[in-house]
Structure formats: C-alpha cells, structure tokens
Amino acid sequence: MRGDESYAGARSFFVFEKAVRELTGYRYILPVHQGRAAERILMNVACGPGKTVLANSHFDTTRANVEASGASAVDLPVPEALQFDVPAPFKGDMDTRVLESKIRELGAGNIPMVIMTLTNNSLGGQPASMRNLREVSEIARHYRIPVILDAARFAENAFFIKLREPGFATRPVREIAQEMFSYAAGCMMSAKKDALVNIGGFLALNDSVWVAKCRELLILTEGFPTYGGLAGRDLEALAQGLAEILDEHYLTYRLRSVAYLGDGLRRSGVPIVEPPGGHAVYVDAKKFLPHIPPSRYPAQTLVCELYRTGGIRSVEIGSLMFGRSQNGTFVPAAMELVRLALPRRVYTQSHIDFVIEVFADIAQRASTLRGLRLLESNPRLAHFTAKLEPEAV
Ligand SMILES: Cc1ncc(COP(=O)(O)O)c(C=O)c1O
C-alpha cells in the first residue's frame, strides 16, 4: 500500500471509494475521521426539533447526536433482546409491529430515518436477521422513510446470518453483506470496527439532496471530501480492511474467541447475555451484584473492580450511560451490563484466560462490593467523563 497524501483528488481516496462502493452499492461516499463524525453530520442534516429517529437500538454516540440535533431517539428492540438469559439467534432484530404502530402514531413526516445497528452494540452485540432487515425495509419504504445502517460490525452480522439463518449457509459472507446493504438507503460506519483500522469511518448515501448538505458540513468540520479528516494511508488501510474482514476463516476465529470468553465466564457462574455477541461478551451486573441498586451503578462498580483487580478495561452499558434524571428523580436504564469487547487482532488465548481468572476471583467476593455515588457528570454522554466515588460503608 502507498498512501497518497495530496490535499485534493488523492489516489488513495479513489481506492477507498471503490472498496466502499463495491461493498455497499451506495452512490456517494464521504470519508470521516470516525463513526460519530458520520452521525453528527447526518443528524445535523436530517434531524432537528420535533423529529424522532427509530432504531433497533441506538448506540450511545448515535443517540447523543440525534438528541443534540433536538430530535428524539426511540429504541424498538424485540422483547427477547432484554431477556438476557434466553439464547435466541437474532436478538438484534427490530420489533416490526411496534415500528409500524410508532410510524402511524408519530407520522411518517416526523421520522427522518430508521436505523438498524448491526450488530446491536447496546444490547449484547447481537445480530439482526436478513428477514428482519427485509421487513424493516419494506415497512419503511411503504412510508417513504429511509433506512440507514449503523454498519460498524456489518461483517460479524453477515457471518451470524450465514451461520444461523436458513438459506444462507452456502453463500459467501461478502454477498450476504451486500444483500444487507441493499435493504438500506445508506450507512454510517465506524471503520475502527469491521474495517480493521486504527482510525476512520465513512458516510455512504444514495440521496443526492442529503449528500450535498452533508458534504458542506464535512468540509466545514472534517476536511476536503477526498480525505475527510484522514491521511491517505488511513484510506488505503480502510479499503484493505474491508476486504480482510470478510475472510471467513478470520470471522470463524473471531466469533469463536468471543464464545470462548463466554464459556469461561459461564463456568465461573458469571451471568452473561446469551448467546455471546460478535465482538464482546456482556455481563449482566444486575444479576451478578443484586445487592447494588441501579442508583448505585452496579455495572460501573464491576467495571471499576475489573480494572483494580486485573487492569482490565471494560465499559458500562447501564444507568451511568443511559439513566436519566426526570424532574429530579433518577430513572434507571433498562439494563445494567458490562461489555467486555475484544479488540481485533490483539489478544491471545492466554489474555482471555486471564480475564476469566480475574472474574472467578471477583465472583467469590461479589457480595462484598459496594456501589458508587455519582459526584459529577455532563448532561450528554455522561459516562465518558463522570466522576464517582465508592459508597461509604
Ligand atoms: C455501533 C456503533 N456505532 C457507532 C460507534 C461510534 O463510532 P466511533 O467510536 O468511531 O466514533 C460505535 C463505536 O463504538 C459503535 O459501536
């Protein structure tokens, strides 16, 4: 690979553009420095006060960008997505019956887009089925609402479809991914996930009106449309990553590594979201630390304990991330999860064994852990910078 670092018209851009277009089929491809830049640009253009975005589940930055535009973000997961101990193949599906009734209730003109997050990061890294994508697309088309994919983990989602959905076992995963993209009018991509790069992302769209406005914002805040805040070498690496991620041997290894961590935690009696997701195992902290109420952040308590005991960095997906204060009253999130995400091509089996050992140690003294008190937080994306302290004995 050779990065062309020209300001405009860099060769590397066209390598990148070709790779994204051949995979997704979308007409206009804008590079951005990471996924949330794509979110911010698109939400600024398409959303605003009075609008509502519907999704199988919004990722935290997606939700924050929808809300920052003045719009509302509503999640419509299938009921089994919240039954963490029930293994089901496609817990990332959207509840299509609720989708249709929500569109009627709110009015199609007030819904700028329907988002499918693939895989569903906020609720266990669970995949959506092709059948569900097709249904969501049909309903949305009927009401003339564009479907946008949050495609951060499109390859893992496609491979789950190949493994679990009837009719896909013999189809190449690239072809499955192309079919997934065909049910949407565009996608936002954090390329740090299923494009195997250290930094990068893109926004890909079919709509020429949206894209003209998005390009303007891109120039305003990211850079010229042939680099969008990225170096030429990043664009080259991204194109290569999109090819390598679809290697089915790699995907087999990837999903098996995550399942191995899940097996180990289950053996130690740690309650996890079943089945393990594509990129992470999610621990159900509500069950693991039942003596700590949501207002004392059981999942964040476990996050801190993992770091103190084993230097293991994880992420809370619970009341610190999604809890709210309504008229001074604490409204907890629907779940208290700890996400153990596995960076791609970083860990060996012994790292995973170490994580399992640390969990076994914490499990033995779980009942002695104390919750946390929130000292300081911002109104948006509080969990990135919040300050907490251990609850007094
Ligand atoms: C599903 C999903 N969407 C969007 C993002 C945001 O992407 P980035 O971190 O590149 O800004 C992430 C990041 O973790 C994600 O997992």
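**Backbone exceptions, ligand shell and pairings**

Pro275 is found in the loop that runs between α10 (248–267) and β8 (280–284). The model is a predicted one.

Thr119 belongs to the loop between β4 (114–117) and α5 (130–142). Asn327 is another point to look at in the backbone: its phi is near 50°, which is positive although the residue is not glycine. Asn327 sits in the loop between β10 (324–326) and β11 (329–331). These places deserve mention because most residues other than glycine have a negative phi and most peptide bonds are trans.

The next topic is the ligand. Its surroundings consist of 13 residues, and the closest of them are Arg36, Asn121, Asp150, Ser190 and Lys193. By residue class, the shell holds six charged residues, six polar ones and one nonpolar one. Which element gives the most to the shell around the ligand? That element is helix α2 (residues 35–46), with three residues.

For Arg36, the separation between a side-chain N or O atom and an oxygen atom of the ligand is 2.6 Å. Gln34 likewise places a side-chain N or O atom 2.8 Å from an oxygen atom of the ligand. At Asp150 the ligand atom is a nitrogen, and the distance to an N or O atom of the side chain is 2.7 Å. On its own the ligand has 390 Å² of accessible area, and the protein covers 95% of this.

Strand pairing can be followed at β2 (residues 52–55) and β3 (residues 72–75), which run parallel and are joined by four bridges. Within this pair, Ala55 is opposite Asp75 of β3. Helix α3 (residues 60–68), together with β2 and β3, forms a β-α-β unit that is right-handed.

Aromatic rings form nine pairs in the structure. One of the pairs consists of Tyr7 and Phe224, whose ring centres are 5.5 Å apart and whose planes meet at 40°, so this pair is tilted. Tyr7 comes from the segment before α1 (11–24), whereas Phe224 comes from the loop between α8 (208–221) and α9 (232–244); the pair therefore ties together parts that are 217 residues apart in sequence.

Technical notes: Residues are numbered from 1 along each chain as its sequence is written. This is a predicted model: local features need pLDDT of at least 70, side-chain atom pairs count only at pLDDT 80 or more; totals for chains, interfaces and linings use all residues. Side-chain values use heavy atoms; hydrogens and water are left out. A residue is near a molecule or strand if one of its heavy atoms lies within 4 Å of it. A polar contact is a pair of N or O atoms within 3.5 Å; within protein, one must be able to donate a hydrogen and the other to accept it, and residues adjacent in sequence count only if both atoms are side-chain atoms. Accessible areas come from the Shrake-Rupley method with a 1.4 Å probe; for residues, only the protein chains shown count as cover. Helices (H or I, at least four residues) and strands (E, at least two) are DSSP runs, numbered from the N terminus. Ala, Val, Leu, Ile, Met, Phe, Trp, Tyr, Cys and Pro count as nonpolar, Asp, Glu, Lys and Arg as charged, and the others, Gly among them, as polar. Two strands pair if DSSP finds at least two bridges between them. A crossover is right-handed if, with the strands pointing away from the viewer, the path from the first strand over the helix to the second runs clockwise. Rings of Phe, Tyr and Trp (its six-membered ring) pair if their centres lie within 6.5 Å; planes under 30 degrees apart count as stacked, over 60 as edge-to-face and the rest as tilted.
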